[in-house]
Amino acid sequence: MKNKITYILLSISVLLMIIGVLQGEFLEVMQKAIIICLSCMGIG
Amino acid sequence: MRRKLIQIISTLAANPAFISLYRKEIYQGNLKSICVPILNCHACPLAVGACPIGSLQNILISVRASFAITQYHIGLYVIGFLGVVGSFVGKMPCGWLCPFGFLQEIFYKIPSPKISIHRAMPLLKYAFLLIMVIVLPILIVDELGYGQTWFCKFICPAGTLEAGFPLIVLIEDLRSQIGLLFSWKVGLLVIFLIWMIVSKRPFCRVVCPLGATFSLFNKVSLFRMVVDKDKCIECDMCYKNCPTGVKVYEDTNNPDCIRCLNCVKTCKYGALSFRFVKSKKLEQ
Ligand code: SF4
Ligand code: SF4
């Protein structure tokens, strides 16, 4: 039973990741990660 | 020793952009589109990957705007990534790869009176994940519909340490923007650093939303710890050597177990092992 849950979770996760990539979310991740994040620093 | 070496290599591998120190900027290459399974602030000048917790918040703060332009970005890429890593190894990246986890282990070696963490406190990290990373960034928005990265902005000590200090030293213009918020974050960082000296991995166990996410997978991940109850004499040697204070023989695959395998090495009775679940036959 536990193994089934694991494989279901893994499959769902892979699917979500693929949908996210197809939607171009990785570009949004990049756009936010390449600018100096003032919030992360604690000044904005 | 082997784990320490891997922790050092991982810290360097996630932060190899030393050229940024010379250029006085942060790395801006394509690798920043890839999430890393560790709490490593992507605003750190040396970082080459994206922090999944920062990235998730960044997507969620603009979720309304994304719906308004029918883009529907709700963080599936990051959530899927966390799910894939968690399904394979659970919280193992915290024990072997995370620079901030490594820092906590180094600080704990400083001689001092030691204080254990109350067993209910680790539950707090789920509140940080839910409230600061998911709910507040979506719910509290400005007039344009954009929220704030609440965890990064008000809590994350990794951001203060890895991005705040280096960038303030490198970029003069940023220094004039230091205010109350920075004082708050530095104060919080100092509290965490002191806590790291007296308690085992306090940030990791009580606050970290990334650790909270991976911990949800510990019981079901393909990688699992295994205890042979017939061999265990409950001598507690494993417990004494566990960096997160887990009694593995009582609660195998406890959500706080970072799969460091110290206990497997420590147990003189061969009661502990680990395995990758491949088939039904291995399920125990
Ligand atoms: S060290 Fe081995 S024998 Fe001792 S309590 Fe841990 S699992 Fe049991
Ligand atoms: S229970 Fe074992 S593998 Fe898990 S964190 Fe403790 S020592 Fe490491």
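This is a predicted model: local features need pLDDT of at least 70, side-chain atom pairs count only at pLDDT 80 or more; totals for chains, interfaces and linings use all residues.
**View 1**
One run of them goes Cys232(B), Ile233(B), Glu234(B), Cys235(B), Asp236(B), Met237(B) and Cys238(B). Sort the shell by residue class and you get ten nonpolar, two charged and no polar residues.

**View 2. The surroundings of ligand 2.**
Ligand 2 has 13 residues around it. Which ones are closest? Those are Cys242(B), Cys257(B), Cys260(B), Leu261(B) and Cys263(B). By class, the shell splits into ten nonpolar residues, two polar and one charged.

**View 3. Helices α7 and α12 of chain B where they cross.**
Helix α7 of chain B covers residues 99-108, and helix α12 of chain B covers residues 180-198. Their axes come within 6 Å and cross at roughly 60 degrees, which makes α7(B) oblique to α12(B). As for the hand of the crossing, it's right-handed. On the α7(B) side, look for Phe100(B), Leu103(B), Gln104(B), Phe107(B) and Tyr108(B). They meet Leu193(B), Met196(B), Ile197(B) and Val198(B) from α12(B). The residues of this contact come out as eight nonpolar and one polar, with no charged ones.

**View 4. A helix of chain A packed on a helix of chain B.**
Which residues make the contact? From α2(A) come Glu25(A), Glu28(A), Val29(A) and Lys32(A), while α3(B) brings Ser55(B), Asn58(B) and Ile59(B). Residues in this contact of α2(A) with α3(B) divide into three charged, two polar and two nonpolar.

**View 5. The disulfide of chain A.**
How many disulfides are there over all chains? The count comes to one. Its partners are Cys37(A) and Cys40(A), and their sulfur atoms sit 2.4 Å apart; the pair counts as a disulfide because the cut-off is within 2.5 Å. Left-handed or right-handed? The torsion about the S-S bond of Cys37(A) and Cys40(A) is about 80 degrees, so this disulfide is right-handed.

Notes. Residues are numbered from 1 along each chain as its sequence is written. Chains are lettered from A and ligands numbered from 1 in the order in which they are written. Side-chain values use heavy atoms; hydrogens and water are left out. A residue is near a molecule or strand if one of its heavy atoms lies within 4 Å of it. Ala, Val, Leu, Ile, Met, Phe, Trp, Tyr, Cys and Pro count as nonpolar, Asp, Glu, Lys and Arg as charged, and the others, Gly among them, as polar. Axes are lines fitted to C-alpha atoms, for helices over the stretch in contact, and angles run from 0 to 180 degrees between N-to-C directions. Helices (H or I, at least four residues) and strands (E, at least two) are DSSP runs, numbered from the N terminus. Angles under 35 degrees count as roughly parallel, over 145 as roughly antiparallel, 65 to 115 as roughly perpendicular and the rest as oblique. A crossing is left-handed if the near helix is turned anticlockwise from the far one by less than a right angle, and right-handed if clockwise. Contact means heavy atoms within 4.5 Å.
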